[in-house]
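Subject: Structure handover

Hello,

Here is the structure we spoke about. Please open it alongside this note; my findings follow below.

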2 protein chains.
Amino acid sequence: MRSHYCGQVNESLVDQEVTLCGWVNRRRDLGGLIFLDLRDVKGLVQVVIDPDFKALFETANKLKHEFCIQLTGKVRARPESQVNKNMATGAVEILASDMTILNGSAPLPLSIDGHQNNSEEQRLKYRYLDLRRTEMTERMKFRAKVTSEIRRYLDDNDFLDIETPILTKATPEGARDYLVPSRTYPGQFFALPQSPQLFKQLLMMSGLDRYYQIVKCFRDEDLRADRQPEFTQIDIETSFMTEDQVMALTEDMTRTLFKKLLNVDLGEFPRMTFAEAMTKYGSDKPDLRNPLEMVDVADLLKDVEFAVFSGPANDPKGRVAALKVPEGAAKFSRKNIDELTKFVGIYGAKGLAWLKVNDLAKGIEGLQSPILKFLPEATALAIIERTGAQTGDIIFFGSDKYSVVSEAIGALRLKIGEELGLVEDCWKPLWVVDFPMFEETNDGGLTPLHHPFTSPTGISAEELKANPETALSNAYDMVLNGCEVGGGSVRIHQQEMQAAVFEILGIGEEEAEDKFGFLLEALKYGTPPHAGLAFGLDRLVMLMTGASSIRDVMAFPKTTTAACPLTNAPGFANPQQVTELGIQVVPQLDDGSDEEE
Amino acid sequence: MRSHYCGQVNESLVDQEVTLCGWVNRRRDLGGLIFLDLRDVKGLVQVVIDPDFKALFETANKLKHEFCIQLTGKVRARPESQVNKNMATGAVEILASDMTILNGSAPLPLSIDGHQNNSEEQRLKYRYLDLRRTEMTERMKFRAKVTSEIRRYLDDNDFLDIETPILTKATPEGARDYLVPSRTYPGQFFALPQSPQLFKQLLMMSGLDRYYQIVKCFRDEDLRADRQPEFTQIDIETSFMTEDQVMALTEDMTRTLFKKLLNVDLGEFPRMTFAEAMTKYGSDKPDLRNPLEMVDVADLLKDVEFAVFSGPANDPKGRVAALKVPEGAAKFSRKNIDELTKFVGIYGAKGLAWLKVNDLAKGIEGLQSPILKFLPEATALAIIERTGAQTGDIIFFGSDKYSVVSEAIGALRLKIGEELGLVEDCWKPLWVVDFPMFEETNDGGLTPLHHPFTSPTGISAEELKANPETALSNAYDMVLNGCEVGGGSVRIHQQEMQAAVFEILGIGEEEAEDKFGFLLEALKYGTPPHAGLAFGLDRLVMLMTGASSIRDVMAFPKTTTAACPLTNAPGFANPQQVTELGIQVVPQLDDGSDEEE
């Protein structure tokens, strides 16, 4: 039905006849002529309709915005003065000789050209129109390129694309599963997978030693900006490869992807321990584009009389950290600092101490801070020395429980970096390694920092059971510009170790048998050492395209309340069908109950 | 951890040291030496352990079936007499110098080498062991090659891989949907898609004019041998392409796949109308490897006194068909024919008339049949002439409702072809085209033969409404060796036509608005002409690998009662979680109720 794409018509086709199909992106009537911008998936081209072609001109006169047409005409060079250098096809135009209206269009309910200010709800309800916007079209094309390149890379490296079930058993990732009632077993449920973790480990037990899958995963969590009920994972697992080999391979894959699609050389990824990341950045996914770093100062403040500092400084679970902002003294007014105090409050910080270095040459006299009165001179100067502060700098302090300080000052670091324009425009990948095996839960128990199939580094099951709090895991996260784009680990491949981890997690034998019996059984039969990684595809594409939400790189995302305004899903089901599933709907007391769950 | 794969060790490596990882497939102790067959994903290699290496020999002495080991040794040529030509690595063996036991193994609960007779249940429960069998490993590798080649083909042809939602609204394909309760909207449900049909059409409306996806689809149907609750579709949709172009492209894709993976040239696919396929083969997916053909003989039998024939022969909805089996007269005893009569009874046929041509030279005297007494001589000879029967042939007859005769004699054709060894060992692809738009339902209504978005051939909405029964659709099925491997159609792209189809199907305006309102709305905004196709990946791989069930080409299939013996899914859910979904489980009266739904 067409000889070329609109976006591909260029000077090499001058004097040739082309047939195009597309949409009327714009129509202008000028000097007796009709000018159209015709659009298809590859771009726009200008079409001229001359009244000399009478029937054609009459047809063209009916055209409105977003009519779908088929058009034949001769390509000609535009006059020099009319060349549009901002348009790939801007040097040519098409003098139409024939046209068929393939379909008309009613006026669109949302704007698709220029700077649109359609609401998110409108964009999702009319997603098929929203996707016509060049920006969205390009994102969909880019995403397809990403998956295509990744598949080629993995195929070429002997990885097998193997599908794992979507209807499966509840998985132990920790988030809430989506449940699917079974009709054959009324009252019982499948769960949609939060990841194919156990299946990919089973594939390693099968000897299929290089697996990958680009696969949908599901979490029924309360949504945030960058969460969706279903999301896509690039899932990888290997046998007989060390941690370093898996990291090298997936790093090379990422490097290759960035080189091919963005012509960006990511270089070799540095490695940073979890401990260092927390100390310097208060985060296990540090954004290294931001030059600000935190410094621990608890040891300097153990003996001060100011309990806000000395309390956490003497508490093994406390933290006192300083964040120096070079040349920041003049940039933060009392009002600014009040706002920042509110900001860190979101993360649980009860206040935000600060110290301005107005003139270092004046020693303690050159410092300005509400807390100065609590600090011995030597302590204040030791802090200056520790942070390397210079005249004109400001230092912020966090002092509280370890996690509160890390989160609050880590977030403050990002905020100040952003607001002062300190964040470099570049790509900063790194690996974070040497994670703790477990973290403490609120009730004093232990929970895996990754998942319960992650192996500890260099210790036996007995040693792990003796000191689980200090054990490090063979886990590694790939972090890019402050986002975790991938995470993985060496898995446990011996039954004794797996049983030890379940025991530490307080999973009793019966529960372990019920939930993971098949895994423990499978570990009996010559399970190979194996390791893997999973990338968040949506987030990776979001970063690579500069989109501000993963919703913008998904064709049909859901709202933040997990609904689809386009199809009106979810909806009420056929009562007969519900009955067949052995379940019944509980009448909701309140019609407005949607919001209350 | 390894320098080579086991299956890759060959003569080019003689005298080199290699390190391998894999499983002990077999151990033999012979002449003081230990011989191992070591297995990995690429094959087997023989390893020799010499007692001269004392520590090594001691380790090797612990080895049992399916121990997972890492092994280093020197490759050497086998003595001429010991070369195993049936083994890719059969010309060499490895003299081990070092070995690490990576993991031990308990005795396997099922056999994984040689001719196994594990039950289906055992195979699924221990799927990770079943997949170690070479046959299964090779199928998984082959399937990955199929998807890889198809993706490359489609990527290279400018198709975009775009993901569509798994949590969506009930789809209209006709089978039962799997439902997923929504927690945010208690009492409401998502449905898992039976296909991404509407989403891919919406993508065409977005202008993303070449879409594909290899995607999971879901049907909650009672399972048969070749059905699974979740299955995988190669889903394709295009805009601005004619029926012929879509068929040519997907045909070329299939041809390319067979050439690359099986070195089979499928040639150009013939086309056959639905009418011809039903007439000759009683099926819309004829197996052309089977030379037997049906012939209609109703016109010859309208006036016979035998009501079994004349009834259907005079009924516009009846059919009388003959199936000639060349040289079959001597092959079917009365007992055989009784069995065939039972067989066609499965399809609703009330009997199976037959006629043997014992000696054509003797005219009517040379014929043998219990129904001969009901047939005038001229009629009998006319049947002989119509079927082209020769001396030694047998003719079977079906006379009943059209659908019963087609199904019963169609099935008989396949059965006899198989049993007499008439089915050629080759590949016979074809396109079946010109399907009716609708077929009659039991209650006299109409139902779409494909789906309600299929466009009719060459008629207006008004014409379609006037004569829906005779309308043909722009649909096409790709059939290979009697299996439908793909099916598609040109879609309706105009609102008026879509509304007409809904009207014909008895879908009222309110229901149409409720179920398909978004589609009807979307059709308003310049929807392009579009067409597509979907392949059943599982079935395609099953055919290509010669597997007897789609279960054998899926890594983790379910049983025929839609359960997973490996993970024990489905299972009982956390009651708290069920409550959050606004549903409750209805107590089942009978513990054995599983079987009764």
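Over all chains, the structure holds 94 salt bridges, counting a side-chain nitrogen of Lys or Arg within 4 Å of a carboxyl oxygen of Asp or Glu. This is a predicted model, where local features need pLDDT of at least 70, side-chain atom pairs count only at pLDDT 80 or more, and totals for chains, interfaces and linings use all residues. Residues are numbered from 1 along each chain as its sequence is written, chains are lettered from A and ligands numbered from 1 in the order in which they are written, and side-chain values use heavy atoms, with hydrogens and water left out.

Salt bridges

One of the bridges joins B:Arg183 to A:Asp220, with the closest N and O atoms 3.1 Å apart. That pair crosses between chains: B:Arg183 sits in the loop between β7 (179–181) and β8 (189–191) of chain B, and A:Asp220 in the loop between β9 (210–218) and β10 (230–239) of chain A. (Helices, H or I of at least four residues, and strands, E of at least two, are DSSP runs numbered from the N terminus.) B:Arg183 is buried at 7% relative accessibility, and A:Asp220 is buried at 2%. Here buried means under 20% relative accessible area, exposed over 50%, and partly exposed in between (1.4 Å probe, protein chains only).

Between chain A and chain B the count is 14 salt bridges. A:Glu163 and B:Arg143 also meet in a salt bridge, at 2.5 Å, N to O.

Within chain B, B:Asp130 bridges to B:Arg133 at 2.9 Å, N to O. B:Asp130 is buried at 0%; B:Arg133 is buried at 5%. In chain A, a network of salt bridges links A:Glu120, A:Arg123, A:Arg127, A:Asp130, A:Arg133, A:Glu135, A:Arg139, A:Arg551 and A:Asp552.

A:Glu419 and A:Lys415 form a salt bridge too, at 3.1 Å, N to O. Both lie in helix α12 (residues 402–419) of chain A, 4 residues apart, about one turn of the helix. A:Glu419 is exposed at 52%, while A:Lys415 is partly exposed at 25%.

The interface

Chain A can be laid on chain B by a turn of 180° and a shift of 0.0 Å along the axis, with an RMSD of 0.1 Å. The two copies are therefore related as by a two-fold rotation axis. The superposition is by least squares on the C-alpha atoms of residues with pLDDT of at least 70 in both.

The contact (heavy atoms within 4.5 Å) takes 124 residues from chain A and 124 residues from chain B. Of the interface residues of chain A, 100% are also interface residues in chain B, so the copies meet through the same surface.

About 11100 Å² is buried between the chains, and carbon and sulfur atoms give 58% of that. Buried area is the accessible area (1.4 Å probe) that two parts lose on being put together, summed over both. In chain A, A:Arg183, A:Phe240 and A:Tyr525 lose the most area to chain B, together 7% of what that side buries.

Aromatic rings

There are 32 aromatic pairs over all chains. Rings of Phe, Tyr and Trp (its six-membered ring) pair if their centres lie within 6.5 Å; planes under 30 degrees apart count as stacked, over 60 as edge-to-face and the rest as tilted. B:Tyr126 and B:Tyr128 are edge-to-face, 6.3 Å centre to centre with 75° between the planes.

Best wishes
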